[in-house]
Amino acid sequence: MRFVRLDTPKPISKIGLGTWQFGSREWGYGPDYERRAAEIVRRALDLGVTLFDTAELYGFGRSERILGAALGDDRGKVVVASKIFPLLPVAPVVQQRAVASAARLGVDGIDLYQVHQANPVVADTTTMRGMRSLQDVGLVGEVGVSNYDLRRWRFAEAALGRRVLSNQVRYSMIDRGPEGDLIPYAEQAGRIVIAYSPLAQGFLSGRYDATNPPAGAVRRANPYFLPENLARGTELVATLREVADAHDATPSQIALAYVLRHPNVVAIPGASGVEQMERNAAAADIDLTDDEYAALVAAAHAFRPVTGLAAVPRMIRARLGKK
């Protein structure tokens, strides 16, 4: 396992484990998944994973409970990260919600406490006042944000008066927005971009195509999985397979290696089983050549999915089983 080269109290692994699916039935993993979740966490620990990300919103607290129980006595050895759902995130509420999350996780302190989404009405001034108080009493180690643009990330840091260590954003080969400003800022300022959905919810795995779309409510709601977009992604997946063959790897591992090539980026893919956790962790050790990276960049730029408002009527037709 490789780690981010930053001065953090505990090392942060380049591959972490995202636990949105823990306790969240919408992923469609079945009733036995909670038992498997513990197996996944234990295997992740064996593989050197130190970053475990959850949120109070995931399964309405169930994800935090499952993760905390699975980590057991190892909770103090790893970076436990959670997120506050920013509904009225004024200072007293931030403090109250952190206490509740720590209790569900079974920890004395949350290593990385993040604002799940920028609130359009409540300024970060009051939110970060609550975060600063949590740091002062030792309940929170590092502060992070999620889904923030660069301007608001920097404003949040000014309001905190200390570093806001991380910004957790959607980043993958087909969601490359962070490459424009967030990642350069992280590298310049000594901060971290945490990439969620680094496999675009499995689009980049090569498992799905227009004749074999995914099941599960979350993926069905993602326009990337429209039959038209799955067909358009054929060349992109083919390039991933070609690079993967050169490394005796899978397309998913190469897609992870793509985002991890940036020194201040870590990825937190989920895992449906121990085997997937093992493959994800192994991706941290893949070194792409310059030519391979250039080929992946070119293939990603050539992919033109139907998204936004243009995707809405197509998604409705797909739900109704119409072409």
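Hi everyone. Before we look at the fold, one definition: two strands count as paired if DSSP finds at least two bridges between them. Please also keep in mind that this is a predicted model.

With that in hand, let's start with the sheet. How many strands form it, and in what order? There are 8 strands in an open sheet, ordered 1-2-3-4-5-6-7-8, and the pairing is parallel. At the edges sit strand 1 (17-18) and strand 8 (265-267), each of which pairs on one side only.

Next stop, strand 6, which spans residues 164-170. Is it mostly covered or mostly open? Covered: 6 of its 7 residues are buried. On one side, 4 bridges join strand 6 to strand 5, residues 140-146, and the two run parallel. Within that pairing, V143 has V164 of strand 6 as its bridge partner. To get from strand 5 to strand 6, the chain passes through helix 5, residues 150-160, in a right-handed β-α-β crossover.

Strand 6 also pairs with strand 7, residues 192-196, again in the parallel sense, this time over 5 bridges. Here V169 stands opposite A195 of strand 7.

Finally, let's go inside. Which residues touch the most other members of the largest nonpolar core? In this core of 84 residues, they are F52, M131 and W153. The element that gives the most to the core is helix 10 (residues 251-260), with 7 residues. There is another core apart from this one, made of 11 residues, including A81, L112, I192 and I194.

Let me close with W153. Leaving out residues up to four places away in sequence, its contacts include V164, L165, S166 and N167, and strand 6 covers residues 164-170. W153 also touches L182, Y185 and A186, along with I192 and V193.

Note on methods:
Residues numbered from 1 in each chain as written. Predicted model: local features only at pLDDT ≥ 70, side-chain atom pairs only at ≥ 80, totals over all residues. Heavy atoms only, no water. Core = buried A, V, L, I, M, F, W, Y, C linked by side-chain atoms within 4.5 Å. Buried < 20%, exposed > 50% of the residue type's maximum accessible area, 1.4 Å probe, protein only. Contact = heavy atoms within 4.5 Å. Right-handed = clockwise from strand over helix to strand, strands pointing away.
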